[in-house]
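Here is a protein chain to read as a student would. Look at the fold, then at the core, then at the charged side chains.

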Amino acid sequence: FTFQKPTEAEREKEKVKCSAVMVKRSKFGDGAFAARDIKQGECVEWGIVRRLPPGFDGHSAEYVFTWSEDRTVWAMTSGTAAFFNTASPEKANSKMIRFFDEDRFEMYATKDIAAGEELTHTYRSLRWRKCFKPIAECLGVESESCPPQNGHSKIKNGISMKVQNGVVQNGVVH
């Protein structure tokens with residue numbers, strides 16, 4: 001399938017567009033849901049980000065997004081992106097495309113999504129961020145080792161995450 005990308009003119013007119021998405025209570029916290037039927041390849045949402053100050057450690061801050069290939073820059077998103085829960089790659093129904101140099105993102109449907117269905121994507125940093133290690137383990141996703149940053153230690157055992165039908169729904173996004 002092909003992505004139905006918004007034009008530059010559309011993105012300039014509306015820097016944040018998330019009208020196909022609503023946020024409501026999910027089984028494990030707040031989540032993003034389809035406000036209408038969404039076709040595979042359709043741009044579900046687009047938006048902008050704000051970078052966090054240099055030195056910010058996103059390894060233990062689960063509501064921020066990785067915003068560089070070298071894993072040292074972090075950002076907060078506009079719109080509803082922060083409410084998309086994660087799922088294993090085969091279960092996720094959307095994908096985030098990041099434009100690091102433009103501080104913007106686009107979310108696309110990777111499958112047809114029915115109105116009312118929860119929107120999920122596989123977090124880019126699921127395999128290596130400390131705060132997502134328990135989620136990765138629940139999903140059976142092998143973790144990469146991650147060098148300690150800013151003196152933070154690894155997450156302790158005992159963090160409880162719930163998995164339902166291959167989807168972690170914990171109110172945490174990225």
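The report below moves from the overall fold to single residues.

## The chain as a whole

This is a predicted model. The chain has 174 residues, and 47% of them count as buried. Its secondary structure comes to 2 helices and 11 strands. Read from the N terminus, the order of elements is α-β-β-β-β-β-β-β-β-β-α-β-β.

## A sheet of five strands

Five of the strands form an open sheet. The 5 strands have the order β4-β5-β3-β8-β7, and the pairing is antiparallel. Which strands lie at the edges? They are β4 (65-66) and β7 (94-99), and each pairs on one side only. Strands of a sheet pair through backbone hydrogen bonds, and the pairing can be parallel or antiparallel.

Now look at β8. Antiparallel to β3, it is joined to that strand by 5 bridges. Here Ile48 has Arg104 in β8 as its bridge partner. β7 and β8 also pair in the antiparallel sense, over 6 bridges. Ile97 stands opposite Glu106 of β8.

## The nonpolar core

The largest nonpolar core holds 19 residues. Which of them touch the most other members? They are Ile38, Val44, Trp67, Phe84, Phe105 and Leu119. Three strands each supply at least two residues of this core: β2 (29-34), β3 (43-51) and β8 (104-109). The largest share comes from β8, with 3 residues.

Set aside residues up to four places away in sequence. Ile38 then touches Ala20, Val44, Ala109, Lys111, Asp112 and Ile113.

How many disulfides does the whole structure have? The search finds 0. Cys43 has a relative accessible area of 12%, so Cys43 counts as buried.

## Salt bridges

Side chains of opposite charge can pair when their charged atoms come close. The count here is 7 salt bridges. One of them joins Lys15 and Glu12, at 3.9 Å from N to O. Lys15 is partly exposed, with a relative accessible area of 45%.

Another pair sits inside the protein. Glu106 and Arg104 form a salt bridge whose closest N and O atoms are 2.6 Å apart. Are these two residues buried or exposed? Both are buried. They also belong to a network of salt bridges that links Glu102, Arg104 and Glu106.

## Asp103 in its loop

Asp103 lies in the loop between β7 and β8. The two strands form a hairpin with 4 residues between them.

Asp103 forms a salt bridge with Arg51, and the closest N and O atoms are 2.7 Å apart. This pair links distant parts of the chain: Asp103 is in the loop, Arg51 is in strand β3, and they are 52 residues apart. Asp103 is partly exposed, at a relative accessible area of 24%. Arg51 also counts as partly exposed, at 40% relative accessibility.

## Arg11, buried without a salt bridge

Arg11 lies in helix α1 (residues 8-13). Arg11 is buried, yet has no salt bridge. Which side chain of opposite charge is nearest to Arg11? That is Glu102, 4.1 Å away.

Which other residues surround Arg11? Leave aside neighbours within four places in sequence. Arg11 is then in contact with Pro6, Trp46, Glu102, Arg104 and Glu106. Three of these contacts, Glu102, Arg104 and Glu106, are the residues linked in the salt-bridge network.

Key: Residues are numbered from 1 along each chain as its sequence is written. This is a predicted model: local features need pLDDT of at least 70, side-chain atom pairs count only at pLDDT 80 or more; totals for chains, interfaces and linings use all residues. Side-chain values use heavy atoms; hydrogens and water are left out. A nonpolar core is a set of buried Ala, Val, Leu, Ile, Met, Phe, Trp, Tyr and Cys residues joined through side-chain atoms within 4.5 Å. Buried means under 20% relative accessible area, exposed over 50%, partly exposed in between (1.4 Å probe, protein chains only). Contact means heavy atoms within 4.5 Å. Lys and Arg count as positive and Asp and Glu as negative; His and the chain ends are not counted. A salt bridge is a side-chain nitrogen of Lys or Arg within 4 Å of a carboxyl oxygen of Asp or Glu. Two strands pair if DSSP finds at least two bridges between them. A disulfide is a pair of cysteine sulfur atoms within 2.5 Å.
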